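Open the model in your viewer and keep the selection tool at hand. This tour goes from one selection to the next and says what is found at each stop.

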Amino acid sequence: MYKYITAACIVCLALIAPLSCSAGKAVRYLDRPIPANSSLAIIIDAPNKVKNVVMTRFLARGFTVKAINASDFFSLNDVFDYRDFKKVSYIGQDENFLSLEKTYNSLFKMHFYNYEVNKAEVLSDMRNKWNVQYLILLDLKSMGGAWGRAIDLRTNDLVWIENQGVSFGGDSEKITDGFIDSMTGKK
Amino acid sequence: MISRAAIIAITLLGLPLITARASAGPTMAFGYLVNESRDVNHEYLETIFPNSFASSIKNIFQVNVVKPGQIERLLEKQGRRLEKRYRPCDLMDLTDRIRSDYFIYGSFLTLPNNRIKIRLNLYSHGMNRIFSFTNIGRMEKEIFKLVDRITNIMIDFLGNNNFFMSRIVPRGKKIGILTNLEGGDLNSLYCAFLKGGYRIASMQGNSLYNTLSRELIGNFKYISAPENSYQIVSDPRAVRVLHSTWTGRGYYEEINYRREIYRIFDQNYMNEKSRALEKLAGRHNIDTVLIIGFNAPKTKAWVRCVDIDSKDLIWMESNIRGGITDVCGKILDRMSMEIIRK
């Protein structure tokens, strides 16, 4: 019986693996090492205890960690719910439909472009008002494995990327240390 | 060349987007190409060009082509005539009248140094979409080369991959990517482009999560632009905002608000979008916006590429197959490799 369950699991994994192939693979890119004394803002979606562990590792390695108390920036849906427009628009007359399709399509795109502009303005404030040099985004609990990326706020360029690949049971401290080694060019 | 044409022809005829009116195959009707130059000596080209395009396409595809003269006769029976210029919103009615799946029309402008600029619009009745592009070539000696080149552009667009490319994006350029991937998948995509020699702006990468779902990114398939574009055709005449003596102040406020939405996001959208793109490009210092939409299992993608300087659509393609890494490899090859149309 156990053999059959194992075989079924292997078949399922074989079927699912190609679909999510890139998520589980280790990926790394470093444009230029991030100096150890840099000033960072770290965005991570995790319980406060885990956040503390992560921040402590960065502080212990000589980084200045700015107090950005956020799991993420505001989301697209927080700005305003553009879907309301679709609802409102379809209440209109049927013969408006041809115009509505383009109007809704354009409205969404404009909303999205402006959302990206707003985020860029927040990054600019981080750099100019709080003297943050790099924005670090970390996800330690992703299904496909922990990942991180760093943005140089002088240019808004992506300068470091890493997917650690699927690993079961890695602790937050070790994962964070691995990421720090990677972004500082020590790996 | 013949085998390529045969492959494209088979693909075209199998396309689901073609809702063939005639059982034999799709019907493509050709209107006039308006002479935008003030030189009357070139007026003969107004019909020569569409007739040449029609013959070229007919030589490659098993499609029914309808030339301007035939459309004139068809419309004459209905007490109408083939106009030289059409607004996109008139095309649904026109293609209904002439029972055509596609209507192709445009204009040309002679330029200094014996060159000619052709603008062509390809309207699909079934989808109510319009694809517009411009091409510049030499008159006289190369005029047939120009006709072939433009015919090839139309064939590529009508193919299964809806392919169009006006120029490449050289390595070293800074690009902003919009996609429906997030987390590790987004990292994989970024990594491929960074290793491919491009600089990547952080745009979506500055968030942990991506709210641009597969359905929402579909909105970016349509690009309004001055030269090359792919757009939904709207009909401003259909927008009826009824009012009379019975309407009160609140109602007027509401209809004014609604009129304003139509004005900004339908009639004036291209200018509004240009301003938004300028702001975005200024913040991230990008040269190009690349939009990549993946299907749910991430095995297929489509691409739209917009040049920030001209605000033009410079590349579009659908049905790029493979996993994320394969798709990125294909995109990188295509966007960095010069394709020369002789």
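**Stop 1: a threonine and a histidine**

Select B:Thr95 and B:His125: their side chains make a polar contact, at 2.7 Å. The model is a predicted one, and this stop starts with a single residue of it. B:Thr95 belongs to helix 4 of chain B, which covers residues 91-97. Is B:Thr95 buried or exposed? Its relative accessible area is 0%, and buried means under 20%, so B:Thr95 counts as buried.

**Stop 2: the largest nonpolar core**

In soluble globular proteins, nonpolar side chains tend to be buried together. Select B:Phe30, B:Phe49, B:Phe53, B:Ile118, B:Leu120, B:Met154 and B:Phe220. These are the residues with the most contacts inside the largest nonpolar core, which has 67 residues. Which helix gives the most to this core? Select residues 143-158 of chain B: this is helix 5, and it supplies nine residues.

Stay with B:Met154 for a moment. Leaving aside neighbours within four places in sequence, B:Met154 is in contact with B:Phe30, B:Phe53, B:Ile57, B:Ile104, B:Leu120, B:Leu122 and B:Phe133.

Next, select A:Ile161, B:Ile168, B:Leu181 and B:Cys328. They are among the 46 residues of a second, separate core.

**Stop 3: a sheet in chain B**

Switch to a cartoon view of chain B. Look for an open sheet of six strands in the order 6-12-11-10-7-8, with mixed pairing. Which strands form the edges? They are strand 6 (164-165) and strand 8 (199-200), each of which pairs on one side only.

Now select residues 288-294 and 300-307 of chain B, which are strand 10 and strand 11. The two pair in the antiparallel sense, over seven bridges. Within this pair of strands, B:Phe294 stands opposite B:Ala301 of strand 11.

Then select helix 10 of chain B, residues 324-336. Helix 10 lies across strand 6, strand 7 (174-179), strand 10, strand 11 and strand 12 (313-321) of chain B. Relative to strand 12, helix 10 runs at about 145°.

**Stop 4: a serine of chain A**

Finish at A:Ser106, in helix 6 of chain A (residues 97-130). A:Ser106 is buried, with a relative accessible area of 1%. What is A:Ser106 in contact with, leaving aside its neighbours within four places in sequence? Select B:Phe265 and B:Tyr269 of chain B to see the two residues.

Methods:
Residues are numbered from 1 along each chain as its sequence is written. Chains are lettered from A and ligands numbered from 1 in the order in which they are written. This is a predicted model: local features need pLDDT of at least 70, side-chain atom pairs count only at pLDDT 80 or more; totals for chains, interfaces and linings use all residues. Side-chain values use heavy atoms; hydrogens and water are left out. A nonpolar core is a set of buried Ala, Val, Leu, Ile, Met, Phe, Trp, Tyr and Cys residues joined through side-chain atoms within 4.5 Å. Buried means under 20% relative accessible area, exposed over 50%, partly exposed in between (1.4 Å probe, protein chains only). Helices (H or I, at least four residues) and strands (E, at least two) are DSSP runs, numbered from the N terminus. Contact means heavy atoms within 4.5 Å. Two strands pair if DSSP finds at least two bridges between them. Axes are lines fitted to C-alpha atoms, for helices over the stretch in contact, and angles run from 0 to 180 degrees between N-to-C directions. A polar contact is a pair of N or O atoms within 3.5 Å; within protein, one must be able to donate a hydrogen and the other to accept it, and residues adjacent in sequence count only if both atoms are side-chain atoms.
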